[in-house]
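Here is a walk through one protein chain, meant to be read with the structure open.

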Amino acid sequence: MTSPDSQNTDSQNTESLNRAPQGSDEALPAARPRRTASISRTTRESSVEVTLDIDGTGQVDVSTTVPFFDHMLTALGTHARFDLTVKATGDTHIDAHHTVEDTAIVLGQALKEALGDKKGIARFGDAMVPLDEALAQAVVDLSGRPYCVHSGESEAQALHLIGGHFTGSLTRHVFESLAHHAAICLHIRLLAGRDPHHVVEAQFKALARALRAACAHDDRVLDVPSTKGAL
């Protein structure tokens, strides 16, 4: 049986661990504000609303009226551990292109806003993800300079209609739009793959893991991770 004196000692020890040493100027780290953004965009072709919490747990609610794209964005939010809500409608009776592109634009804008001044982040992220026969690599630099390099897909991949709505050529377009409006440098390579669905999904999952790594806080980075002092 534990004595009252022993319980008091344990409580004092725990309390001492949670405060800076007496006489020390070192303060405990302040709680970081959550990195969130909510952005909407309406044109004659589409209406898009995106809510993003970078410091989430992967809670995702996506509806773009393009089912396969919903599946990809769900994978992106889940594996990046972002809390992500996307509501989009558009002229999909004409083509899925406008709705998919505009959703990628708003998602990029939300990511840029949520990242804020980028103090204390890792900045770089690199991930390689398999999906059965497919293998994809994504490398991210949250540099503030938009650039996208996408390679490895066959010419036939661009012509595939996946899920009845999503044309394979839209994959690169999503990555380009996202990178441009988030102001990030993004390299995505398909290293292997045969099934059109797997080819796209492996790339989205690799992007998710790379973003998760790049957006993560690094306690050793006390300011903006750049020799210029700004990103």
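The model is predicted. Its chain has 231 residues, and 42% of them are buried. The accessible surface of the chain is about 12300 Å², and carbon and sulfur atoms account for 50% of that area. The secondary structure consists of 5 helices and 10 strands. Of the contacts between residues at least 6 apart in sequence, 75% link residues at least 24 apart.

Now the sheet. Strands of a sheet pair through backbone hydrogen bonds, and the pairing can be parallel or antiparallel. The sheet followed here is open, has 4 strands in the order β5-β6-β10-β7, and shows mixed pairing. Residues 124-131 form β5 and residues 147-151 form β7; these two strands stand at the edges. Each has a single partner strand, so one side of each lacks a neighbour in the sheet. On average, neighbouring strands are turned by 10 degrees against each other, direction ignored.

Inside that order, β6 (residues 134-141) and β10 (residues 185-192) run antiparallel and are joined by 7 bridges.

Helix α4, residues 170-182, touches β7 and β10, and its direction makes about 160 degrees with that of β7. Helix α5, residues 196-215, touches β5, β6, β7 and β10. The direction of α5 makes about 150 degrees with that of β5.

Notes: Residues are numbered from 1 along each chain as its sequence is written. This is a predicted model: local features need pLDDT of at least 70, side-chain atom pairs count only at pLDDT 80 or more; totals for chains, interfaces and linings use all residues. Side-chain values use heavy atoms; hydrogens and water are left out. Buried means under 20% relative accessible area, exposed over 50%, partly exposed in between (1.4 Å probe, protein chains only). Contact means heavy atoms within 4.5 Å. Accessible areas come from the Shrake-Rupley method with a 1.4 Å probe; for residues, only the protein chains shown count as cover. Two strands pair if DSSP finds at least two bridges between them. Axes are lines fitted to C-alpha atoms, for helices over the stretch in contact, and angles run from 0 to 180 degrees between N-to-C directions.
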